[in-house]
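User: I am new to this structure and would like a close look at a single part of it. Please describe the aromatic pairs and their surroundings in one connected account.

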Amino acid sequence: MAAMLLPLALGACAGMGDGTQGRGSARPDLPFIGTVWAPDPAAPAAASARLRFHDDGRMSARGPCNRMFGRYQRGVDDLEGSLRFGGIGATRMACPAAVTDAEMDLIDGLLSARQALVDGNRLTIVTAEGGRLGFKAVDDETAPDPGSDMQ
């Protein structure tokens with residue numbers, strides 16, 4: 001599954017800032033919490049995935065086939081933008097193998113998260129292994145309905 005994670009991880013730019021406004025981006029940073037994030041660039045099987053972090057420590061997501069949910073914590077150590085997940089669950093719909101694999105790779109990447117960096121409308125999640133998951137903000141109005149669990 002790690003091989004499928006690579007297309008999701010390629011969205012991180014080498015010049016990404018550390019989440020402070022004005023570093024690496026001409027745009028003000030969007031908030032980590034409440035913004036709808038989409039993989040960028042996405043593997044074709046994960047192109048419609050969306051995730052959102054809520055201010056109460058919940059994460060909710062919708063993949064091309066399944067819904068995902070979990071708990072996260074920020075500021076758990078001295079690493080700027082530190083991020084840890086306490087576990088992630090998902091529905092288990094019958095989906096094509098490529099779609100299921102892409103969703104599981106996304107979950108695996110999130111579970112190994114150590115840092116979340118926002119730069120303008122981009123989010124980079126850095127994993128314990130040094131991998132990078134790239135995301136871009138998407139407009140709520142144009143994104144597929146993320147479901148009531150993301151409201």
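Analyst: In this predicted model, a search of the whole structure finds four aromatic pairs. One of them joins Phe32 and Phe53: the ring centres are 4.2 Å apart and the planes lie at 25°, so the pair is stacked. Phe32 belongs to the loop between α1 and β1, whereas Phe53 belongs to strand β2, so this pair ties together parts that are 21 residues apart in sequence. Both Phe32 and Phe53 are buried; for Phe53 the relative accessibility is 0%.

Phe53 also pairs with Tyr72. Here the ring centres are 5.2 Å apart and the planes stand at 85°, so the arrangement is edge-to-face. Because Phe53 lies in strand β2 and Tyr72 in strand β4, this second pair ties together parts that are 19 residues apart in sequence. Tyr72 is buried as well, with a relative accessible area of 8%. Phe32, Phe53, Tyr72 and Phe85 form one aromatic cluster.

Thr35 has a relative accessible area of 10%, so it counts as buried, the cut-off being under 20%. A polar atom of the Thr35 side chain lies 2.5 Å from the backbone oxygen of Pro31. Beyond its neighbours within four places in sequence, Thr35 is in contact with Leu30, Leu51, Arg52 and Ala137.

In soluble globular proteins, nonpolar side chains tend to be buried together.

The contribution of α2 can be followed through Leu110. Its contacts, leaving aside neighbours within four places in sequence, are with Leu51, Met59, Phe85, Ile88, Ile125 and Leu133. Among the buried residues of α2 are Val99, Ala102, Leu106, Ile107 and Leu110, together with Glu103 and Asp105. At 1.5 Å a residue, the 15 residues of α2 should span 21 Å, and the end C-alpha atoms are 21 Å apart, which agrees.

Conventions. Residues are numbered from 1 along each chain as its sequence is written. This is a predicted model: local features need pLDDT of at least 70, side-chain atom pairs count only at pLDDT 80 or more; totals for chains, interfaces and linings use all residues. Side-chain values use heavy atoms; hydrogens and water are left out. Buried means under 20% relative accessible area, exposed over 50%, partly exposed in between (1.4 Å probe, protein chains only). A polar contact is a pair of N or O atoms within 3.5 Å; within protein, one must be able to donate a hydrogen and the other to accept it, and residues adjacent in sequence count only if both atoms are side-chain atoms. Contact means heavy atoms within 4.5 Å. Helices (H or I, at least four residues) and strands (E, at least two) are DSSP runs, numbered from the N terminus. The expected span of a helix is 1.5 Å times one less than its number of residues. Rings of Phe, Tyr and Trp (its six-membered ring) pair if their centres lie within 6.5 Å; planes under 30 degrees apart count as stacked, over 60 as edge-to-face and the rest as tilted.
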